[in-house]
Amino acid sequence: MTHDDIATQAATDFEAQFGRPADGVWSSPGRVNLIGEHTDYNEGFVLPFAIDRRTWAAVGLRDDNAARVTSTFSDEEVEVELSSVGPDNLDGWSAYPLGIAWALGQNGVDLAEQRGFDAHLDSTVPVGAGLSSSAAIEGAIALALDERWQLGFDRPTLARVGQLAENEAVGAPTGIMDQSASLLGRRDSAVFLDCRSLRSEIVDLGFADAGLAIVIIDTKVSHSHATGGYAARRASCEAGAAALGVESLRDVGVADLDRAREVMDDETFRRVRHVVTENARVLATVRALRESGPLAIGEILDASHVSMRDDFEISVPQLDLAVVEAREAGAIGARMTGGGFGGAAIALTPIELVDEVTARVSDAFERAGFTAPEIFTVTPSDGAKREF
Ligand code: ADP
Ligand code: MG
């Protein structure tokens, strides 16, 4: 089905479910992080882009104060009163869309006075592959409610609303990268985000013009058991910043690393070195894209992977194998992407070598006795929008 077909289907399904037409259909994409890993909570830099996998939300206001949500993802219909919606009475998948309503309430919207809404979701963002199916839901619902409730919030504010919903209503301690990419993304471009000031700039990627494609290798290794690892890495970063007497690792430069080595243990030092050099790599990537184009960023992607593998220690054998094999099959740069301990790798690949990369990585996984990976390409795409 084309994206237009899915949007139309979402409206048809809404009508079948709720017995009246939707006011409209809004959509928002998943995302891939090109570079800048574990830098967000250190007030550093990230460079994600929105992808051509989206979540569609057909939405219609009601005359009472109820909110009802359904999704192709689930058989259940969840209903709450807007006036009483909150982190304590939300759980499961519906906490993402209904958490947005609550988070808007936290931003000054009087929920008891608002008209309720019905919403139906459909999506092509795979769940749990590290492509942020969660931010795609948040972006679509946030944009729909902003428009139908005539709130006039700008997109950076809607991104913060999405983050608040995810942190408090869902209970996942994530940064603002995913929501920013989903709401601010632009075709053929990445979103260069400063996680300290929250300022963002659009950076041209030019992959297709340079004959390049982004291949995603979903290792199918679930990162759900990684909560402990993620918390431990955050704690190491805080310990490193404290040892250096700075508020966050954003305030540490590559030139400070010699001194850093002397005031902390080796493991903390390597965690710090990853974050500090990763921030430098994001800046180098932006510079290379602007001055030379995407053929110049391969080595930086490779260096990012080595840093995550050896210094931050968040890779797994499947990710390392995917990266090595993709490079040997002709990718010009490859790295694991996302929080680590599983999930996906990306490989920047000449278009004519995509089949070669796919075949070679699949074969290598089979020989190693690993679960078959899912391999596909994504295209940098527009962020959240109203479809009709
Ligand atoms: P991801 O990396 O894909 O964002 P998360 O764990 O953050 O992984 O979010 C996945 C969760 O989002 C799912 O477990 C589900 O609760 C919810 N979700 C994702 N897609 C949909 C959908 N189409 N409809 C309803 N809920 C969804
Ligand atoms: Mg998510």
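Helices (H or I, at least four residues) and strands (E, at least two) are DSSP runs, numbered here from the N terminus. This is a predicted model, where local features need pLDDT of at least 70, side-chain atom pairs count only at pLDDT 80 or more, and totals for chains, interfaces and linings use all residues. Residues are numbered from 1 along each chain as its sequence is written, and side-chain values use heavy atoms, with hydrogens and water left out.

Let's talk charge pairs. The structure holds 27 salt bridges, each one a side-chain nitrogen of Lys or Arg within 4 Å of a carboxyl oxygen of Asp or Glu. Here are three of them:

| Pair | Closest N to O |
|---|---|
| Asp 118 and Arg 62 | 3.1 Å |

Take helix H8 (residues 266-291), where Arg 271 and Glu 267 sit four residues apart, so about one helical turn separates them. Arg 271 is buried (relative accessible area 4%), while Glu 267 is partly exposed at 39%. For the record, buried means under 20% relative accessible area, exposed over 50%, and partly exposed in between (1.4 Å probe, protein chains only). Also in helix H8, Arg 281 and Glu 278 are three residues apart, again about one helical turn. Both Arg 281 and Glu 278 are buried.

Now for the longer reach. Asp 118 forms its salt bridge with Arg 62, and Asp 118 lies in strand S6 (residues 117-123) while Arg 62 is in the loop between strand S3 (48-61) and strand S4 (66-71), so the pair ties together parts 56 residues apart in sequence. Asp 118 and Arg 62 are both buried.

Definitions and conventions
Chains lettered and ligands numbered in written order.
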